[in-house]
Amino acid sequence: QDGSFEGPTAIESFWTRDFGNAQPSSTLTLSDVYLSGELAHLEGEYKVSEKGTETEGRYVQLWMRDGDVWRIHREMWLR
């Protein structure tokens, strides 16, 4: 699989397989934000702790305003 998921069912299935019965703890640390009109670009570091192991990396998100709310339009997580 190429790592891309489209649609609510595929996304839910990915997270269900990824987490299973585990209850990981996630920490996001925002390091940069750029706002321009209806777009917001966010960057930072993440850390996920689960059953004594930790995964760390960086994330990038592009948010778009949809009426009165902001929604994630694109995101990427890198180890």
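This is a predicted model: local features need pLDDT of at least 70, side-chain atom pairs count only at pLDDT 80 or more; totals for chains, interfaces and linings use all residues.
**Exercise 1.** Give the strand order of the open sheet and state which strands stand at its edges.

Solution. The open sheet has four strands in the order E1-E2-E3-E4, and their pairing is antiparallel. Strand E1 (25-36) and strand E4 (69-78) each have a single partner strand, so one side of each lacks a neighbour in the sheet; these two are the edge strands. From one strand to the next, the twist averages 25°.

**Exercise 2.** Find how many bridges join strand E2 to strand E3, and name the bridge partner of histidine 41.

Solution. Strand E2 covers residues 39-50 and strand E3 residues 53-66; the two run antiparallel and are joined by 12 bridges. Histidine 41 has leucine 62, in E3, as its bridge partner.

**Exercise 3.** Classify the two aromatic pairs of the structure, then classify the accessibility of their residues.

Solution. A ring pair is described by the distance of the centres and the angle of the planes.

Step 1. Tyrosine 46 and tryptophan 77 are 5.3 Å apart, centre to centre, with 70° between the planes. Planes over 60 degrees apart count as edge-to-face, so this pair is edge-to-face. The pair links strand E2 to strand E4, across 31 residues.

Step 2. Tyrosine 59 and tryptophan 77 are 5.0 Å apart, centre to centre, with 25° between the planes. Under 30 degrees counts as stacked, so this pair is stacked. Tyrosine 59 lies in strand E3 and tryptophan 77 in strand E4, 18 residues apart.

Step 3. Buried means under 20% relative accessible area. Tyrosine 46, at 10%, is therefore buried, and so is tyrosine 59, at 3%. Tryptophan 77, at 38%, counts as partly exposed.

Step 4. Ring pairs link Tyr46, Tyr59 and Trp77 into a cluster.

Key: Residues are numbered from 1 along each chain as its sequence is written. Side-chain values use heavy atoms; hydrogens and water are left out. Two strands pair if DSSP finds at least two bridges between them. Axes are lines fitted to C-alpha atoms, for helices over the stretch in contact, and angles run from 0 to 180 degrees between N-to-C directions. Rings of Phe, Tyr and Trp (its six-membered ring) pair if their centres lie within 6.5 Å; planes under 30 degrees apart count as stacked, over 60 as edge-to-face and the rest as tilted. Buried means under 20% relative accessible area, exposed over 50%, partly exposed in between (1.4 Å probe, protein chains only).
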